[in-house]
Amino acid sequence: MTDFVKKIEAQLVSWRQSFHQYPELGFMEYVTTYRLGKELEKLGFSLHIGDDAIDPDARLGIPEAEDLIAHEQEAIDAGVDESWMKKMQGGLTGLVATLDTGRTGDHVAFRFDIDALPIKESTDESHLPFHDAFASKSTGVMHACGHDGHMTIGLGVAAYIASHQTSLKGRFTLLFQPAEEGGRGAKAMTAKGWLDDVDYFYSGHIGIQSLPVGTIAATTEGFLASSKLNVSFTGVSSHAGMRPELGRNALLAASAAATNLYAIPRHSDGITRINVGKMIAGSGRNIIPGEAYMEIETRGETQEINDYMLTEAKRIIQAAAAMHQVSCELTSVGVTEEMVCNEELIQKIKHACIGGEYVKEVLPKAQVSGSEDASFMMNRVQENGGKATYMLFGTELKYPHHHPAFDFQEDVLPVALETFVKIIEGGSKID
Ligand SMILES: [Zn+2]
C-alpha cells in the first residue's frame, strides 16, 4: 500500500499543478469536470454527469446566463467534448464516479470539492505557483482554498480503488462536487439521492488550521449553519433639488437595514454571526437613489440559532424597506447546515492509520470555524444510520485561505491519500 502512494506521488503533484492553472468558479467547472471525468473513465469508474449528478432545481446561487454562456464557449475552445458540454450546459457541473466490486460490503462515499474563487492570484516571486510557473491562467480566478488539492486526492483515491478492486468488497461513490464556495452545490448533489444508502462518508479539507504535514484530524467541530441572501431594494428616483419629496430612497432603506442587522440581539444558546458584505446603491449626486443592493449572511452554532438569525434579519430588512416606502426582494443564494462528526470514527481512523508512512499523528478532533456544505451530505448519511466525518489534513499556511498568496505544502497530498487508502483497507478489504 505504501508502495502505491509512493509510486503515485509525482503524479499527484502534476495533477495538482495542472488543476491549479485552470481554476473555474462554482457551476462553471466545465473543463475541470471534463478532465476529472476523462481520468476516472480510464480507471474504469461509471460516470454520472449533468442532471444525473446534480438536481438542477436544488442549486443555489446559479451564475448569470451570460457568464455561463461565455464560459461554456471557453470550455469548448479548451477542447471539452461536445457531448459532455450538452450534458453540463447551463451550469450542471461536477460528477459522481461509482464502482461496485460485486461483493457484499459497505457502501463508502468520499466527497471532493472542485471550485475556485474570484481572486486575482499573487504575482510575488515568493508565491510558489507563480515562481514555478503553474499560477492561474484565468485572470481574476484562483484556487485559493486548496480544492485543486482535494480533486487531486480524489483522483488518487480512485486510482487506488481501481487498481485494488479484486481485493476489495462493497461499493464506492466518489462525489466531485461543484460550487462549495458560498454553500451552493452539495445540496444539489444530495437531492439526487447519492448519499441515501451510504454506510460511511468521508470528507475533509487541506489546511484550515496551520498544522505540520503528517498531522491529520479525524473529526472537526465548530462549523456553523449559515444562510446567504441577496437583497434588492426598489424605490423611486427623483430630482434631489427640485422634487425630493417625490422620491423613495432605496439607499436609506439599505443603510437602515445594514446598521440594524448588526443590532440583532445575540442568542444565549450559542454562537451567532451576521455580516453585510456588499452594498451598492444610487446612481448619481443629484438623484434620490431609486435602487439599492446588498449581500448578507447569517450564521449560527445550530440550525435553530441560525434560523433565529435569519428570521430576525428578514424582519429587519422588510421593516427598513417599509420605513422608507420602498419594496424589497430577498433571494436565498446559499445555505449550509449544522454538522456533527460521528465520534466512533475517531478510533476507526486512528486504528487504520497505525504504521502509516506519511501519517505521523492523528488528532481526535480539531476546532474550526466557518461553514461547509458537506453538512448536507453528512446529515443525509447520518439520518439513514450511516457514519460521517469531516477531517483536516495538516499543512503550514503562510497566508490564510481565500488570500491571493494562499498556498499549501504539496507534501500534504500523499498524507491525505494514505489516510483514505488506510481507511479503505481498514473497512473494505476482503478478509
Ligand atoms: Zn475550501
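Q: How many strands form the open sheet, and in what order?
A: In this predicted model, eight strands make up an open sheet, ordered β1-β2-β4-β3-β5-β12-β6-β11, and their pairing is mixed.

Q: Which strands are at the edges?
A: They are β1, residues 46-49, and β11, residues 361-367; each of these pairs on one side only.

Q: And what is the average twist?
A: From one strand to the next, the twist averages 25°.

Q: In which sense do β3 and β4 pair?
A: Strand β3 (residues 107-113) and strand β4 (residues 171-177) pair in the parallel sense, over seven bridges. Phe 112 stands opposite Phe 176 in β4.

Q: Turning to helices, what does α2 lie across?
A: Helix α2, residues 30-42, lies across β1, β2 and β4, and it runs at about 160° to β1.

Q: What about α11?
A: Helix α11 (residues 374-383) lies across β3, β5 and β12, with an angle of about 145° to β12.

Q: Now the largest nonpolar core: which residues touch the most other members?
A: That core has 99 residues, and those touching the most other members are Val 157, Ala 158, Phe 201, Ile 216, Ala 416, Leu 417 and Phe 420.

Q: Which helix gives the largest share of this core?
A: Helix α12 (residues 412-428) does, with nine residues.

Q: What does Ile 216 touch?
A: Leaving aside residues up to four places away in sequence, its contacts include Val 359, Val 362, Met 391 and Phe 393.

Q: What does the second core include?
A: This separate core of 21 residues includes Leu 251, Leu 261, Met 309 and Ile 317.

Methods
Residues numbered from 1 in each chain as written. Predicted model: local features only at pLDDT ≥ 70, side-chain atom pairs only at ≥ 80, totals over all residues. Pairing = 2+ DSSP bridges. Helix = DSSP H or I, 4+ residues; strand = E, 2+ residues; numbered from the N terminus. Axes fitted to C-alpha atoms, helices over the stretch in contact; angles between N-to-C directions. Contact = placed C-beta atoms within 7 Å. Core = buried A, V, L, I, M, F, W, Y, C linked by C-beta atoms within 7 Å. Buried ≥ 20, exposed ≤ 12 C-beta atoms within 10 Å, placed from the backbone.
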